[in-house]
Structures are given as structure tokens and as C-alpha cells.
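Take a look at the structure below. Where does it pack together, and where does it leave space?

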Amino acid sequence: MELDDKEFAYDQALQQIGLWKNSLAFPEDIKPTDEWEKSCLFLYKKYEEYKQQTGKYDFDDMLVGCYVFLKNHPDFLKKYQQRFNYFLVDEFQDINKVQYELIKLLSAESKNVCAVGDDDQSIYSFRGSDPKYILNFNHDFPRSQVVKLTENYRSSHEIVATANRLIKRNQNRMEKKMTAQHDSGNPPVLFYPYDEELEATMIVSDIQEKISKGANPGDFAVLYRTHTMSRAIFERLAASNLPFVIEKDADSFYQRRVIRGMLAFMRLSLFPHDSKAASDVLSSLFLKQSILQELKAMTILQDCDFIDAFAFVKTGHAFQERKLKTIPGQIRSLKNMAPLVALEIIEKDLGYQEYVKKRGNEANLEKGSDDIRDLKVAANRFPTVAAFLDHVDHMTAMVQEIKQLSKHFKDAIQLTTIHRSKGLEYQTVYVLAAVDGSIPHDFALESYRKGELAPLEEERRLLYVAATRAKKDLYLSILQTRRGRTAYPSRFLKL
């Protein structure tokens, strides 16, 4: 299909294929709803064919292959049904379709299944989990009994009461009310920073003050909806002397695909002979990566740098060639501008906005336009393009360094997504950006506008999980502006 890895999100495609497999949706069952799913389905078919031809299995196949094998070999299934009489499934809210169907198959004779879970903490729909497996359990196992464990031994009374009021608004849930077993905490606090930069400053100042009064760094966690939201808090903590850790798979904000492309224009304006920067701007100019060789040839033949080389590129399209002739002057001018102005020029005059729009968000949670607005908030603090790029390089290196150091920190502030925090607990928790568009996320609001309730209810469960990570202190940040636009308190907080 000639999909270039600079233009196509293979990691997202793998996640989509994994979701299909864990939902027992095979290639022949899928009806793609858009171009993105069409590409993923094509890759899914080819991927499965390749594995069959070469006798390979992947991680998801351990479950899917087991299910298909048991379905196709009833004698073999019977042997295991007779061998195992009792099944205990923990974290039942995280179960997906293939896991559920396997349990049903294996327990079909004994019907002895004990499932322990909390439908209010079902937050992994992207992996195929669904609270319906708990809610419909009585239907599939008619003789079952429900025992509600309603005592919370972690959080203070004030936090548990807030979490109860929050989650009871969900329509599709099992009715229950948690009660706290201790009252040694403070009421949850809402605070109202102007933007992401001030939010990070306020949190770091508060942590420093608490540590000066005897708290340990490991008592604190900063939770956020998506990785991109950690940029400002990461940068503030990196500038402090406080020990902190981030997840091993958390990439630098500045390494995100859309961000890297914009920064490449700035980099090229400062370093016109940088072939990597030239390579990184190609896709946004709707040029194939193979053009890089032509650019390199032009720098020799015409004795020029990469910026001027664009004017000599032949694409066979007169309109595109005319546009490429105007590009050198625009790129050169960027280095003398304020970073925010340079980003506006890249976005509008150099066509980056059009590129992001055409590329779509490829099933990604964060849209490219959101990334650009985040980048503008970050750039606004710097007087020159050179100073901003120095900061970008320093922070990108810091991410790698912190990830390396993380394993040595025994007592450190945790920066993590709400999803990753499930099952963990901290004395003090800060939840970033408790505003509409962040939590609930934009994609859930969009689904809600189309009449789908499930994504919005999962977002409420996410906030419930975040709130109940705190033992003693819970702080919810309500930004006044988010990504440069007016923000509104999360609808979940209107109790």
C-alpha cells in the first residue's frame, strides 16, 4: 500500500488489530467504517496470512488460538471441563470478550465461577473490556449470588463520599455505596490555574511545601488523562531538585509525530544543512521520502543547502512545483521570529494545517490540531526559535534520562496516566485538567453528541478511579484555559 511510517501510525494500527482480535472479530467479520479502518483491515488480513504461512503466534493468539482450538475440538474441551471444577477470576471488570468466552466454555459443566471485580472501575474499553460482563453475569450464570464488598480501607471519608456522588450519575452500573473505614483526610480541593503552565507551577510549589513539612516524594502522584498532558508538569519537575518518575513507554511530547514535523521547519531554518530536518518536513509538504535523495543530489549539483534545494524539486505537478519555489524564503525567515509567530507561519503559510487535516487523527486519542495548540502554549515562554529548540532538545534528553534513573528511585513523585494508576494508592493525588475535553475526553463528548452514552460513562469511571487513588488529599485542577482556549469545569464535577 506504500504506507510510509512517517505518515501512517503503525502503533495505532496494531492496537486496532489487537482490539479486533480480543473482541473475536476476525478479518472476514469486519466491515470498515472509514479509510483508517480499511487500511487496518488490509494489514490485519496480510498479518494473519503471514503468521499462518510461517507458523508464528503473537501475544493475542495465546487467547484467540486457545478459544478457536477448544471450539473446534470438543473432545479436548471436555477433557479440560472435567479436569477443572472451580474458576476464580480476579479483576473481572478488565475481562474482554475472548477471555469471557473462554471462561464460559471451560466452566460449562461445573458452572462454578467466582468473579471478583468492580464495574465502576471498568476503564479498558480500548482493550475490549466492558462492564456488561459484570452486569450480565446473572444472565450467563443464573444460579449466581452477588456479594457486595462496600468497605473502602484506603481513602478518607471525604474522598469516598465525593467518589460516591460522582459515580452514582452513571446509568449502567450495579447499585452500591462505598463507606470509608477512616476519617484522617481533608476534603477534596478544586483549584483554578489560568493555564497548563501555571497548573504545573502550583502543583510543584505545593509538593515542595509539603515535603519541607516532612512528607516524602513517594507520597505524591500526578495523574492525567493522556501522556501529552504531562509536558508542563514534567518540565517544572525537571527544573526542580525533586525526584520523580514517569512510565517507561512515555515518549517526549516533542517526539510526537505532528510536533516533530513542525519543529523540523524551525530546525531547518537554523540548520539549513540538516538532512534529518529536511527529511522530517517532506511528508507535510506532500512529498515522498524518496525525494530526500533528490534533495541531497541538488545540494551538490546546485552547491546549495537543503532549504534552497526545495526550489529545484521536480514532482510533475506544476502547482506543487510553484509552491516549492516559494518555500525557501519562508523557511529562512522563521529563525528570526518569536517561536509562536513561527508556528503560525508553519501552520498557515507553509500548509501544515492542511496536512494535519488531510492526515486525520488516525484513530489516535489526541488530534494533530490539539498537539499544535499544546506546542503553542509551550513555545509562548521563549523569546527566540533557537532558545525554544534548545529547550526542546534538553527536555527530550531529560525524558530518556529520567526513564533510566527511574529504576534507582525508591522514593519519588509519580507521573502517570489514570489508566496506569489503577490498583495503586498515594497519600496525595493531583488530577490535571478536570475540564470538559480532557476528562471527559473530546472523543467521548463527540460520541455523546451522536447519542452514544457508553464512552462518556467510561470517562466518569476514569475520574472515579483517579479520585479513589488518594488516601488523604485529593486535588482537582480546573483550568481556565486549555490549549489556549477557554475551558469549562468537567461536567462530572457538577454534583
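We start with the cores and then turn to a cavity.

This is a predicted model: local features need pLDDT of at least 70, side-chain atom pairs count only at pLDDT 80 or more, and totals for chains, interfaces and linings use all residues. Residues are numbered from 1 along each chain as its sequence is written, and side-chain values use heavy atoms, without hydrogens and water.

In soluble globular proteins, nonpolar side chains tend to be buried together. A nonpolar core here is a set of buried Ala, Val, Leu, Ile, Met, Phe, Trp, Tyr and Cys residues joined through side-chain atoms within 4.5 Å. Buried means under 20% relative accessible area (1.4 Å probe, protein chains only). The largest nonpolar core has 79 residues. Tyr254 and Phe388 have the most contacts inside it. A second, separate core has 29 residues, including Tyr124, Leu223, Leu463 and Val465.

Now follow Phe388. Leaving out residues up to four places away in sequence, Phe388 touches Tyr254, Leu263, Met266, Pro339, Leu375, Ala378, Ala379 and Phe382. Contact means heavy atoms within 4.5 Å.

On a 1 Å grid over the protein atoms alone, a cavity is a set of points where a 1.4 Å probe fits but cannot get out; lining residues have an atom within 4 Å of a point. Grid points are joined across faces, edges and corners, and a volume is the space filled by probe spheres set on the points. The largest cavity has a volume of about 130 Å³. It is lined by 13 residues. Glu196, Thr228, Met229, Asp374 and Arg483 lie nearest its centre.

Methods: On a 1 Å grid over the protein atoms alone, a cavity is a set of points where a 1.4 Å probe fits but cannot get out, and a pocket is an open set with protein on both sides within 12 Å along at least five of seven lines; lining residues have an atom within 4 Å of a point. Buried means under 20% relative accessible area, exposed over 50%, partly exposed in between (1.4 Å probe, protein chains only).
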